[in-house]
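Below is a short briefing on a predicted model.

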Amino acid sequence: MTILDGKKVSNDIKDEIAEHVKSMVSKGEKVPHLAAILVGSDGASMTYVNAKVKACQRIGFNSTLIDLPEYTSEEELLEKIHDLNTNDDIDGFIVQLPLPEQIDEQKVLMAVNPDKDVDGFHPTNVGKMALDLPTFLPATPYGILELLERYQVETSGKNVVVMGRSHIVGRPMSILMSQKRKAGDATVTVVHSRSKNLTEITKHADIIVAAIGISEFLTGDMVKEDVVIIDVGITRVPDATKKSGYRLAGDVHFESVSQKASYITPVPGGVGPMTIAMLLKNTLLARERHQQ
């Protein structure tokens with residue numbers, strides 16, 4: 001069984017981008033600039049945004065964090081987005097989700113300039129992705145493709161089961177895995193909370209992408225020997241043996257599933273670091289496009 005080490009691969013990618021940035025600086029070119037908008041004080045969101053800012057510093061990107069209070073109105077947020085859309089110094093930006101309940105998430109995502117949408121969530125970019133046209137791929141699915149590719153996991157003609165149908169992971173993952181690409185060309189089935197005979201479906205899968213949002217949902221008796229497991233979930237599970245009082249768990253019961261898997265991502269240290277690395281890759285792409 002091989003651990004798909006997202007931490008190591010993401011560090012490799014960051015090193016590659018850092019070299020590219022050094023080359024840009026030596027030629028007198030402008031370095032990429034990533035901005036992030038954070039509304040409120042959700043703990044997970046703050047941790048994630050801070051990790052993005054630190055990653056920018058490490059590789060030589062410029063970064064801007066716009067920290068807004070929980071009570072920010074939709075109109076105020078849309079104004080900030082307009083400012084970033086029209087600021088030529090900003091190459092790409094993200095609006096950290098989830099947003100407070102007074103703000104319409106869909107309206108906000110629609111307001112982002114597709115050319116600066118390095119999260120790949122704007123309908124224009126989702127449409128381009130579906131048609132296999134050059135665009136910003138959503139960072140988490142993009143990271144999973146990169147991980148499979150770098151570990152040379154064979155996907156062509158394989159049965160892939162994607163657990164979950166979210167716009168951020170499940171749906172784009174199912175589209176990308178079915179396309180003609182290195183980590184793709186697969187036969188894809190999407191399952192979700194209303195799917196019947198779930199175990200019957202997962203037991204036939206060569207590759208499972210678990211993004212269902214239920215802690216340790218996928219167990220060893222639901223998978224076949226030599227399955228490849230990508231665990232997208234991350235949840236705090238109470239654990240009295242830990243100083244913090246909790247441990248981090250994915251959507252996969254690691255102990256039982258790893259007994260059968262040929263490859264598996266750990267939680268933490270699997271898909272999470274890859275998401276940040278691919279966001280940086282999208283920002284570099286945005287800078288190169290703006291230069292052209």
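In this predicted model, helices H6 and H7 touch through Pro-141, Ile-144, Leu-145 and Leu-148 on the H6 side and Pro-172, Met-173, Leu-176 and Met-177 on the H7 side. By class, this contact has eight nonpolar residues, no polar ones and no charged ones.

**Helices H6 and H7**

- The axes of H6 and H7 are 9 Å apart, and the helices pack at an angle of about 40°.
- Angles under 35 degrees count as roughly parallel and those of 65 to 115 as roughly perpendicular; H6 and H7 are therefore oblique to each other.
- H6 and H7 cross in a right-handed sense.

**Helices H2 and H10**

- H2 and H10 pack with their axes 10 Å apart, at an angle of about 55°.
- H2 and H10 are therefore also classed as oblique to each other.
- The crossing of H2 and H10 is right-handed.
- On the H2 side, the contact is made by Tyr-48, Ala-51, Lys-52, Ala-55, Cys-56 and Ile-59.
- On the H10 side, the contact is made by Thr-275, Ile-276, Leu-279 and Leu-280.
- Sorted by class, the contact of H2 with H10 consists of eight nonpolar residues, one polar residue and one charged residue.

**The largest pocket**

- The largest pocket holds about 1600 Å³ of space.
- Its lining is made up of 49 residues.
- Nearest the centre of the largest pocket lie Ala-44, Tyr-48, Val-232, Ile-234 and Gly-272.
- The lining of the largest pocket divides into 26 nonpolar, 15 polar and eight charged residues.

**The second largest pocket**

- About 290 Å³ of space lies in the second largest pocket.
- This pocket is lined by 14 residues, and Leu-109, Phe-121, Val-126, His-167 and Ile-168 are the ones nearest its centre.
- Helices H4 (105-111), H5 (123-130) and H7 (170-178) are the elements that give two or more residues to the lining of the second largest pocket.
- Ten nonpolar, two polar and two charged residues make up the lining of the second largest pocket.

**Backbone details**

- Most peptide bonds are trans, and most residues other than glycine have a negative phi.
- The peptide bond from Leu-97 to Pro-98 is cis, and its omega is near 0°.
- Pro-98 sits in the loop between E4 and H4.
- Val-267 and Pro-268 are also joined by a cis peptide bond, with omega about -5°.
- Pro-268 is in the loop that runs between strand E11 (263-264) and H10.
- Asp-132 is not a glycine, yet its phi is positive, at about 60°.
- The position of Asp-132 is in the loop between H5 and H6.

Technical notes
Residues numbered from 1 in each chain as written. Predicted model: local features only at pLDDT ≥ 70, side-chain atom pairs only at ≥ 80, totals over all residues. Heavy atoms only, no water. 1 Å grid on protein atoms, 1.4 Å probe; cavity = no way out; pocket = protein on both sides within 12 Å on 5 of 7 lines; lining within 4 Å. Points joined across faces, edges and corners; volume = space filled by probe spheres on them. Nonpolar A, V, L, I, M, F, W, Y, C, P; charged D, E, K, R; others polar. Helix = DSSP H or I, 4+ residues; strand = E, 2+ residues; numbered from the N terminus. Axes fitted to C-alpha atoms, helices over the stretch in contact; angles between N-to-C directions. Parallel < 35°, antiparallel > 145°, perpendicular 65-115°, else oblique. Left-handed = near helix turned anticlockwise from the far one by under 90°. Contact = heavy atoms within 4.5 Å.
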